[in-house]
Amino acid sequence: MAKKNDVVIGLFLFSFGCLICLYYGRIGFMPLDQSVVFDGGWRICSGQTLYHDFAPSTGVFTVLMQGVIFKIFGVNWFIYCLHAAVINGVFCVVVACLLRMLGLGRWMAAGYALLSGILLYPPSGTPYMEQHSFFFMILAVTAAVGVQKTTRVASAQAGLAFLLIPLCLMAYTSKQNPGAMAFPLVIMIIAPVLIRGGGQPVRNRVLRWTAAGAATCALTIAVAIWYWDLDLRVIHQYTFDQPAALGTRRILRFQDELPARVLLLFELLSRSAAFNTIVVGALIWTIAQICLHFTKTAAVISRYRATAAILLAAGALLLSTMIFGRLNNVLLIVGVTGLALASAVGRAIASGSDSDAHRDRTTPFNLFLAFTVFGVCFAFTNLANNHPANGIPYLFISFGIIHHEFLNACRRFLAPRSRLVLALGMFLFGAAAADSWMLNHTINRTRLVHDMVVPEHIISGDATLDPLPQDLTFMRFAVGRFYRYTAADLTNLVQYLRARDENFYLFGDTSILYGLTRRPSVSPSLMFDIIHSIPPRNTPEFVTYQERVIENLRRFDVRLIIKEGDETFMGLRFADFPCLESLDLRFLVRFGAFQVYELENIPEDIAWK
C-alpha cells in the first residue's frame, strides 16, 4: 500500500510540475532569453556541431538536449515548452525523494516538493541554462545523499556514486556559476562516508564507482573531440577563459553592487515567511546558544518552556520587524515563530534534558544542507547577471528541511503526538503555502523574469490574439518592454523569409527566426553579448570572431541581412562590428522593428577594427 501511495504521489507531483510550467511557459516571449536554447537546439537538429559551427560559452548540455528533442519531436514552441515542463515535473519528484531521504514524512515531503515546482521552471517557462544547471545540481545532491544513506545496499550505493561526477558535469556545462557549486557540495555530503562511515569496504566502493563515473565522462568527452575534430583552443576559450573573465569582473564588482543586490533580493522575499524564518531563526538560535553556553538557562527553559517559547517568539517577531521594516501577513509571524521555537527552545531543551540528542547526527547534517542550498541561491542571485526570481528554486527545499527539524525539536519536549506539534506543523506549512501563492502571483503570473507587462486577457486566454507562425501557435504572444514589434510583424517576417527562400543573417535577439523558417543559423554565437558570447572589442579574438562571421556569410550563401531594432538587449549595435559596416547593403522592407536588407556584395577589403 505504501509503495502504491508513493507511485500515486510521484505521478501527481510530476503532472503538477509539467502542467504549471506549460501554463505559464506559453505566456509571453522574451527574445533574448527564450531564443538562445531554441536556436542552439535548432542548430544541433539541423546538423551543426558544437565548437565547430558555433561556440556557446554556456548552456552546452542544455542545447544538446534541446537538439535531440527537436530532432525526435519536431521544431515548435509546444515541444520547446514541454522540454522545460518535463524537467520541472521530474524536479518535483526528485525533491520529494531527497526530502524523504532526509527524514521527512511522505506527505510533508510531497507538499514541499509541490511548492518547489513553482520556483524552478515556471518563472522562465522555457528551457534555460540556469534552470537546467539547478536541476542537475539537485540531482547530484540527491545522489550524494543517497550514497550516504544506502551504505547497506551495495548495488544502489555503487550506482549513485557512479552518477555523481556525470551529474555535476551536466550541471556545470549547463551553466557554470551554479554548476561549479555542485562539486564542492557533493564532496562535503559524501565526506562522512569516506572518513568514518561504513568502514573500508564502503569507502573503497564509493571511491571506485565515483572514479568510474569520472573516467566515463573523460572518455566520452575525448571521443567527442576526436570524432568531430574539435579545436581544444576554442573549447578552452569559450568553456573556461571567457566565463572566467566574466566571473572575475562580476566578483570585482560584487563589493560595490552587494548592497543593491541584497536589497533587490529582500524586496522579492521580504513577504516570505520561509525566508524570514531562515534568517531570523538563525539569529535567535545563535543568541540562545550563546546564552546557554555561559549560563544555566537550559534548566530554566526546561522548567518554564511555555513562557520561554512565547518570549523567544516575541523576540523573533521584533527582530523581523527591525530587519524588514514591516510585517506583511500573519503567516510571516508563524514562520518566524516556527524556527525560533525549533532552533532555540527545542534544541536548548533537547541539549539540556535529552541525552539522545547528543547521538543525533542527522540534525546537524540536515540543517547544514538546508542553509547550504539556500546559500547557493543567495550566491547565484548576487554573482549572476540575472533576475533574483530566477535563482531561488531551492527555497522550499530549505524551508521543508527546517520545518522537519522544528517538529523533531518540539517532540523532544512535548508529547510526540501532541496536538500542539501538529498545529504548529500545519501553521508552518501554511506559511510556506502562502509564500508560494505570493511568489507565483508576483513572479510567474506577471512574467517578472522576462521584464514583461502582460495584459490580463493574454494570461487568461479570454481574447482572440493576432495569428502567429504555425510553429508558435502554442504561444500567447507578448514581448518584453524593450522590444518593439507585434505578433503580426513576426508572422509577416516569417512568411516573407519563407517566400524568398534565401539564407539570412540576423543581427538581433530573435534568433528563433532561423528555426521558424528552417534556414541555417549563420551567427557564430547564440547571442549578441560582449564577453559572454562575443570576445571583447579591440582584441585579437574579436577580429577572429568577425572573420568567422564573414566566413559564414560566404559559406551559407547569405543574401539577406536583418537588423532588429537599433541595438540588441545587451546594447550592441550594427556599427560596433566593422566587418558588418563594410558590407554593401540595399534596404528592401520593414516589419516593425525588423529591417530587411539585400546583401549585394561582400568586399575583399573588409575592415576589422
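Which residues of H5 are buried? They are Met108, Ala109, Ala110, Gly111, Tyr112, Ala113, Leu115 and Ser116. Keep in mind as you look around that this is a predicted model.

- Helix H5 covers residues 106–116 and is mostly covered, with 8 of its 11 residues buried.
- Helix H7 runs over residues 154–174, which makes 21 residues.
- How far apart are the end C-alpha atoms of helix H7? They are 31 Å apart, which agrees with the 30 Å that the helix should span at 1.5 Å a residue.
- Helix H7 also has a kink of about 35°, found at Leu164, shortly before the proline Pro166.
- Both Leu164 and Pro166 belong to the buried residues of H7. Others in that list include Gln157, Ala158, Ala161, Leu167 and Cys168. Towards the end of H7, Ala171, Tyr172 and Ser174 are buried too.

**A nonpolar patch on the surface**

- Five residues, Leu219, Val223, Trp226, Tyr227 and Trp228, form a nonpolar patch on the surface. Together they have about 660 Å² of accessible area.
- To find Trp228, look in the loop between helix H10 (199–227) and helix H11 (232–269).
- Trp228 has a relative accessible area of 46%, so this residue counts as partly exposed.

**Charged pairs**

- Side chains of opposite charge can pair when their charged atoms come close. How many salt bridges does a search of the whole structure find? The search finds 14 salt bridges.
- One of them joins Asp231 and Arg233, where the closest N and O atoms are 3.4 Å apart. Asp231 is partly exposed at 30% relative accessible area, whereas Arg233, at 65%, counts as exposed.
- Another salt bridge pairs Glu502 with Arg500, and here the closest N and O atoms are 2.8 Å apart. Glu502 is partly exposed, with a relative accessible area of 23%. Arg500 is partly exposed as well, with 28%.
- Arg586 and Glu600 form a salt bridge too, with their closest N and O atoms 3.2 Å apart. This pair links distant parts of the chain: Arg586 sits in strand S5 (residues 584–591) and Glu600 in strand S6 (residues 594–601), 14 residues apart.
- Arg586 is partly exposed at 39% relative accessibility, and Glu600 is partly exposed with a relative accessible area of 49%.

- A disulfide is a covalent bond between the sulfur atoms of two cysteines. How many disulfides does the structure hold? It holds 0 disulfides.
- For a disulfide, the sulfur atoms would have to be within 2.5 Å.
- Cys18 counts as buried, at 10% relative accessibility.
- Cys92 is in no disulfide either, and its nearest cysteine sulfur, that of Cys18, is 8.3 Å away.
- Is Cys92 buried or exposed? Cys92 is buried, because its relative accessible area is 0%.

How values were computed: Residues are numbered from 1 along each chain as its sequence is written. This is a predicted model: local features need pLDDT of at least 70, side-chain atom pairs count only at pLDDT 80 or more; totals for chains, interfaces and linings use all residues. Side-chain values use heavy atoms; hydrogens and water are left out. Helices (H or I, at least four residues) and strands (E, at least two) are DSSP runs, numbered from the N terminus. The expected span of a helix is 1.5 Å times one less than its number of residues. The bend at a residue is the angle between axes fitted to the seven residues ending there and the seven starting there. Buried means under 20% relative accessible area, exposed over 50%, partly exposed in between (1.4 Å probe, protein chains only). Patches are made of residues with over 30% relative accessible area and no salt bridge: like charges are joined within 9 Å, nonpolar side chains (Val, Leu, Ile, Met, Phe, Trp, Tyr) within 5 Å. Accessible areas come from the Shrake-Rupley method with a 1.4 Å probe; for residues, only the protein chains shown count as cover. A salt bridge is a side-chain nitrogen of Lys or Arg within 4 Å of a carboxyl oxygen of Asp or Glu.
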